Amino acid sequence: MLQLYNKLLELPLFIGISTDELSDIIEQTKFGFHKLPASRPLIRKDEKCDCLFFLMSGVLQVASYADSHRYCIEEELKAPAVIQPEHLFGLMQYYTKDVTAQTDCSLLSLAKPEVLRLLDSYLIFRLNFLNSLSMQAQRMGRIPWQKPSDDIRQQFITFLRHRCMTQAGRKILRIRMEDLAHELHQSRINVSRMLHQLQREGLLSMGRSILTVPRLETLRD
């Protein structure tokens, strides 16, 4: 019980909740406990989102796909984290990403009725949930109004950053050079030159239809 108490305090949705309220939550809430070995899938794209998963320990690999399926981005999600809470309600109540254990992972889950009860009963939990959704909505709402860059390097960095869940850590972009050139509205030769320059600077490595960025936070214009 003490271990669960300490773990919940690390999760964004439970930050700021009083000791007494957290004790009540632990006593009255039906948590699911999950152990996920490395390489085991947790979520598949288009599965119904009817619960919240909380990553308590370990690292997950998250894969996001273009609608055309011509490219995807893989990134790491480290504990503590909550997985796609924005899809528990609203128009699209299904997961939009593939989530797989990269290392052995421990997770908690909350079924949707339990989340609704916590939202109704605990103000801090409700505010944390709303703040999480608001931050994401505000970030996405700014994107269409940002001035496009004429610099191909900045165009590539922006392309990658806008499609990542987090703005730091290792990212893998699986895409053909022709498709990346199409997405950036640039010629293939110019895209190739730009990527080779980034590789010479040690900011990414190139393979066959795969680009690996070791640390997105270091990718600057």
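How do the residues of the lining of the second largest pocket divide into nonpolar, polar and charged? There are five nonpolar, seven polar and three charged ones, where Ala, Val, Leu, Ile, Met, Phe, Trp, Tyr, Cys and Pro count as nonpolar, Asp, Glu, Lys and Arg as charged, and the others, Gly among them, as polar.

Before going on, keep in mind that this is a predicted model, where local features need pLDDT of at least 70 and side-chain atom pairs count only at pLDDT 80 or more, while totals for chains, interfaces and linings use all residues. Residues are numbered from 1 along each chain as its sequence is written, and side-chain values use heavy atoms, with hydrogens and water left out.

A pocket here is an open set of points on a 1 Å grid over the protein atoms alone, where a 1.4 Å probe fits, with protein on both sides within 12 Å along at least five of seven lines; lining residues have an atom within 4 Å of a point. The second largest pocket holds about 370 Å³ of space. It has 15 lining residues, and Pro148, Ser149, Gln155, Thr158 and Phe159 are the closest to its centre.

Now look at the largest pocket, with a volume of about 1,300 Å³. Its lining takes in 37 residues, with Glu86, Lys97, Gln136, Arg139 and Met165 nearest the centre. This lining divides into 20 nonpolar, 10 polar and seven charged residues.

What about disulfides, meaning pairs of cysteine sulfur atoms within 2.5 Å? The structure has zero, and for Cys72 that is because the closest cysteine sulfur, in Cys164, is 11 Å away, too far for a bond.

Conventions:
A disulfide is a pair of cysteine sulfur atoms within 2.5 Å. Grid points are joined across faces, edges and corners, and a volume is the space filled by probe spheres set on the points.
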